[in-house]
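Colleague: I am new to this structure and would like to learn how to read it. Could you take me through it feature by feature?

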Amino acid sequence: MSSKLLANLNEPQLTAVTLPHTSALILAGAGSGKTRVLTTRIAWLLTTGQVSPSGVLAVTFTNKAAKEMLTRLSSMVQVNVRTMWMGTFHGLCNRFLRMHWREAGLPQTFTIMDTQEQLSMIKRILKQNNIDDEKFPAKQLSWFISSAKEEGLRSNAVEAFDEYTRKQVELYQLYEATCQREGVVDFAELMLRCYECLSKFEALREHYNARFRYILVDEFQDTNTLQYKWLRLLAGPNTAVLAVGDDDQSIYGFRGAKVANMQRFEHDFAPAKIIKLEQNYRSDGSILEAANALIRNNNGRLGKELWTDQGHGEPIRVFQGYSDGEEAAFVLDSVKAAMNDGVPLDDIAILYRSNAQSRVFEHGLFNAGIPYRVYGGLRFFERAEVKHAMAYLRLINNPEDDNALLRVVNFPPRGIGAKSIENLQQVATATGVTLWQAACSGGAGSRAQVPMAQFIGLIEGMRIATKGLALPEIVRHLLDASTLKALYVADKDGQDRVENLEELISAADNFLRETGGVIHIENFDGSISESDDPMSAFLAHASLEAGDTQAAEGRAALQMMTVHSSKGLEFDYVFMTGLEEGLFPHDNSLNDDGGLEEERRLMYVAITRARKRLHFSYAQMRMLHGQTRYNVPSRFLDEVPAALLKWLSAKPKNLLAMEPHAPLSGDSSGRNLSSFAASIGSASRTDSGFRIGQQVSHAKFGHGVIINADGSGKNVQVEVNFVDHGIKRLALEYAKLTAI
DNA sequence: ACCAGAGCCCTTTTT
DNA sequence: GGGCTCTGGT
């Protein structure tokens, strides 16, 4: 297997995969084989014995990307992936904190709050402190707190120069105290705690610094300040950090991502090499040309131009509709035509800037009986009924969790109304205890005395009854004992919810089977122990990985999503809709600086999703938020060369037919690299004591790594990838290589 | 205590 | 247009 590892990589890809033990930055354009490079790099490091799985840390942003990496890696090498630190930033921090909860100052059973829960906690705090929520909206506060944390700032470190900010900081402080009292953490807290813990405990930091020989970061352009600082802390003097990213695809500036981290990386990590992956294997030439032309309008790019040897392909089809309805009809007709041509529905995507735009298309598709799938709705673990069930689970795990208690203390209704809960909160605030503690001491007032005692009895009864049971059985018991399921069974509209609750039992079962419900802990002495706490693990899983939007993926369906959620995906046919000023670029984006450029990168992402056929469309008039708007075509349409566009609607513009073009650029001479790749694995050790993966030094070429060897005796030739001189083939007898 | 109808806002989103 | 909060009636 491993002999084929390096086959069919192009030159820059090969260089990146076989880099010596140094830090490097890879500028990977859309569709240039970024994930392949990352996974092959890890596989290569492992098979050549340069590092053991436990010495690798590979980090991504989404669970999907992490999973993809893991799947691809396991198909390349046989390796115990459990000892490898591969996952999302937050997932890895969670793993760290489960091991080092003492040092981090957290209870062992700490639970993770998602955004909804964070918001409700803030609302609670506002109410308890009689703060005008018109003046301090909860949403804005949660943004304030998360942003501060993502800059690495605790409440006492935020500088406040005005009264308003001072009040926000004060509330941030209250929020911190509440989290600590209840033993819960939000997403940003996972990162910040982990970061603080590492910076505070030198021994801990040194351990991980020495352990991680290689750190690989995916989608580096999306890292925020804290994530960058975290990486710097984890990387020791002998850690090689490989950052892979694309500044042109940075579309999360609005939530704190800093493209500038790519420049900072050049400064702080002194990468020996910056490698550009510019050959695109996804899209036809005209699509890439459009993308290149558009993005050229941005300033301060790191500079990168996509090319393909696949030929020009078709022009981009453009349609102007009179109304959003007419635009939808155009898309619908085109989809039908594509279906007739045998294009699978999964290979067709409708993209839009904002979620509200999906409805017209959904309507049309529904009436036409075309199956479709909308991304970005409520996910499984975010559904109310599932949240309720999980709240019971959380209370068994940690009754001090106020969010969980409030969610179910009167659901299903059991006679504990708003007034009683208010009493309870008053007592809790006054005495500085959690709601559960307040409830246990009768804080809900005399009216609620009996029902509250019953509730406490219910939770404790559940804990006793489920002790020792397997996770799915625990869930099943909770659903019955809480009468949650019965409530929905009795509701004639509750069918879906009952199904989701039953699905939750399956989810617990799957989770147990896939992970064993166990968190692996590697101790300082290298031994491995397991934290056998399936419940905490499952709760973390539910928060960190909220699950798919739609559980059943089953049959083929047309894909509908925002441009943001399309990043990383690709389709044969792409319909980029709603190309109107105000919508895309969005009005609200024009206010913040760099906003327009981020919108343009968004458009760049949209264009580069298409493999074969790309459609642009817009409407002169549309209904949005219950109001009719008249829009002019997006400026982005003008930024694509007219020669690449084919107007389908009667638009007073040139109707240029495409001239067949020569391939865009780049040479396709492509050295056959597979020949020397073939011997990796089989001849991984030469007679002379050098081996594949060996770090070497050469008088003239400097620092490098052996990536291949063949011949025997005096005729051994080695292939070395030098940091500064690239890949060289040398005769071992004469080359005077020194092992380092 | 609980439910039903009226008013209000509204990019993008993963963890 | 739709999801969420607030208010008033039972």
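This is a predicted model: local features need pLDDT of at least 70, side-chain atom pairs count only at pLDDT 80 or more; totals for chains, interfaces and linings use all residues.

Colleague: How many salt bridges does a search of the whole structure find?

Modeller: The search finds 48 salt bridges. In one of them, Glu545 pairs with Lys67, and their closest N and O atoms are 2.9 Å apart. Glu545 sits in the loop between helix 24 (534-544) and strand 14 (558-562), while Lys67 belongs to helix 3 (residues 63-76), so the pair ties together parts 478 residues apart in sequence. Helices (H or I, at least four residues) and strands (E, at least two) are DSSP runs, numbered from the N terminus.

Colleague: At what angle do helix 7 and helix 8 pack?

Modeller: Axes are lines fitted to C-alpha atoms, for helices over the stretch in contact, and angles run from 0 to 180 degrees between N-to-C directions. Helix 7 (residues 138-150) and helix 8 (residues 163-182) pack at about 80 degrees, with axes 10 Å apart. That makes helix 7 roughly perpendicular to helix 8, a label for angles of 65 to 115 degrees; under 35 counts as roughly parallel, over 145 as roughly antiparallel and the rest as oblique.

Colleague: Which residues of helix 7 and helix 8 meet?

Modeller: Contact means heavy atoms within 4.5 Å. Among them are Phe144 and Ile145 in helix 7, and Val169 and Tyr172 in helix 8.

Colleague: Which residues are around DNA strand C?

Modeller: A residue is near a strand if one of its heavy atoms lies within 4 Å of it. Around DNA strand C are Lys123, Arg359, His625 and Gly626. An N or O atom in the side chain of Lys123 is 3.1 Å from a phosphate oxygen of DNA strand C.

Colleague: Where is the cis peptide bond with omega near -5 degrees?

Modeller: That bond runs from Phe411 to Pro412, and Pro412 is in the loop between helix 17 (402-408) and helix 18 (418-431). The bond from Phe584 to Pro585 is also cis, with omega near 5 degrees.

Notes
Residues are numbered from 1 along each chain as its sequence is written. Chains are lettered from A and ligands numbered from 1 in the order in which they are written. Side-chain values use heavy atoms; hydrogens and water are left out. A polar contact is a pair of N or O atoms within 3.5 Å; within protein, one must be able to donate a hydrogen and the other to accept it, and residues adjacent in sequence count only if both atoms are side-chain atoms. A salt bridge is a side-chain nitrogen of Lys or Arg within 4 Å of a carboxyl oxygen of Asp or Glu.
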